[in-house]
Each structure stands twice: as structure tokens, then as C-alpha cells.
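Subject: Structure handover and notes

Hello,

Here is the structure I promised to pass on.

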Amino acid sequence: MIDDFWNQVKSKYRLGELIEGKVEYHAPFGIFIDISDENVRGIIQITDFVDTGYMTSEMYPDIGSTIEAVVVGYTEDDRKQVWLSVKPSILQKAFACLKVPATTEKL
């Protein structure tokens, strides 16, 4: 039964996929994101904000603000979390995948 739940979550929120959500609340280790799903919530750990340098809680996006993030993992326990990243390098890869041409013709 638990495997079915996580298979559905992983099917809905695929690794590397760009999703949108609203900042729900701040924690010392990151932020929680409302991804409009009553069964799971998104989480962005403080290490998943910047490629280099240091992120501090004072730099978190405002509660209620909408952000785009990339699915990078899951917490498969009672916390039921989808791990997200907003690192520029990760977002750049996700946006690049969205711009892939529809045809495979050679130029």
C-alpha cells in the first residue's frame, strides 16, 4: 500500500521536473512549499538555494510567494515530502529541457 502511494507520487512529481508552488513557511533548515497536493508537501533545504556561497534564512523568499523549483528527491516516510531545488544550475537545466525543439531534423 505504501509502495503504491510512493509510486503515484513519483509518477506525478518526476525527478528533474519543474513544478510551481507557494512558500508555506520558513524553518531554520529550509522552506516548505505548498504544491497544491493534500498528500505531500514540497521542501527546499537551505543547501538547495545557491550553487556557491551561503544561503541564510534572512534570504528566504516571502511566505505566500510563488516559486518554480525542480524535483530532486523524496522523503518516503511519515513526513511525505517532495524535495525541491532552486539552485540556478538545476533550474537552468530544467528550463533547457523545456526548450527542446519538437522536431529532430538536422540543420
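From the N terminus on, the protein chain runs α-β-β-β-β-β-α. That comes to 2 helices and 5 strands. Please keep in mind throughout that this is a predicted model.

Overall figures

The protein chain has 107 residues, of which 34% count as buried. It exposes about 7400 Å², and carbon and sulfur atoms supply 53% of that area. Among contacts with a separation of 6 or more, 59% are between residues 24 or more positions apart.

Strand 1 (residues 18-27) pairs with strand 2 in the antiparallel sense, over 5 bridges. The two form a hairpin with 2 residues between them. Within this pairing, Tyr25 stands opposite Phe32 of strand 2.

Strand 2 (30-34) is mostly covered, with 4 of its 5 residues buried. Strand 2 also runs antiparallel to strand 3, to which 4 bridges join it. Here the bridge partner of Gly30 is Gln45, in strand 3. Strand 2 and strand 3 again make a hairpin, with 6 residues between them. In that turn, Ser36 has a positive phi of about 55 degrees.

Strand 1 has a further partner in strand 4: the two run antiparallel and are joined by 5 bridges. Gly21 stands opposite Ile67 in this pairing.

Strand 4 and strand 5 form a hairpin with 5 residues between them, and Lys80 in the turn has a positive phi of about 50 degrees.

As a general point for reading the strands, side chains in a regular strand alternate between the two faces of the sheet.

Salt bridges

How many salt bridges does a search of the whole structure find? The search finds 5. I describe some of them here.

Asp37 lies in the loop between strand 2 and strand 3 (41-45), whereas Lys12 belongs to helix 1 (residues 2-12), so the pair ties together parts that are 25 residues apart in sequence. Is Asp37 buried or exposed? Asp37 counts as buried, because its relative accessibility of 14% is under the 20% cut-off. Lys12 is partly exposed, at a relative accessible area of 47%.

Another salt bridge is formed by Glu24 and Arg41, and its closest N and O atoms are 3.1 Å apart. Glu24 sits in strand 1 and Arg41 in strand 3, so this pair links parts that are 17 residues apart in sequence. Both partners are partly exposed: Glu24 has a relative accessible area of 32%, and Arg41 has a relative accessibility of 29%.

A further one is between Arg14 and Glu17, where the closest N and O atoms are 3.9 Å apart. Arg14 is partly exposed, with a relative accessible area of 49%. Glu17 is partly exposed as well, at 23%.

Confidence

The average pLDDT of the protein chain is 89, and 90% of the residues score at least 70. Where is confidence lowest, and where is it highest? In the protein chain, the lowest mean is 84, in helix 2 (residues 88-98), and the highest is 97, in strand 5.

The end of the chain needs a separate remark. Over residues 102-107 pLDDT stays under 50, and for these residues the model has 0 contacts beyond four places in sequence. Where pLDDT is low, the predicted coordinates should not be read in detail.

Regards

Technical notes. Residues are numbered from 1 along each chain as its sequence is written. This is a predicted model: local features need pLDDT of at least 70, side-chain atom pairs count only at pLDDT 80 or more; totals for chains, interfaces and linings use all residues. Side-chain values use heavy atoms; hydrogens and water are left out. A salt bridge is a side-chain nitrogen of Lys or Arg within 4 Å of a carboxyl oxygen of Asp or Glu. Buried means under 20% relative accessible area, exposed over 50%, partly exposed in between (1.4 Å probe, protein chains only). Contact means heavy atoms within 4.5 Å. Accessible areas come from the Shrake-Rupley method with a 1.4 Å probe; for residues, only the protein chains shown count as cover. Two strands pair if DSSP finds at least two bridges between them. pLDDT is the predictor's confidence in each residue, from 0 to 100.
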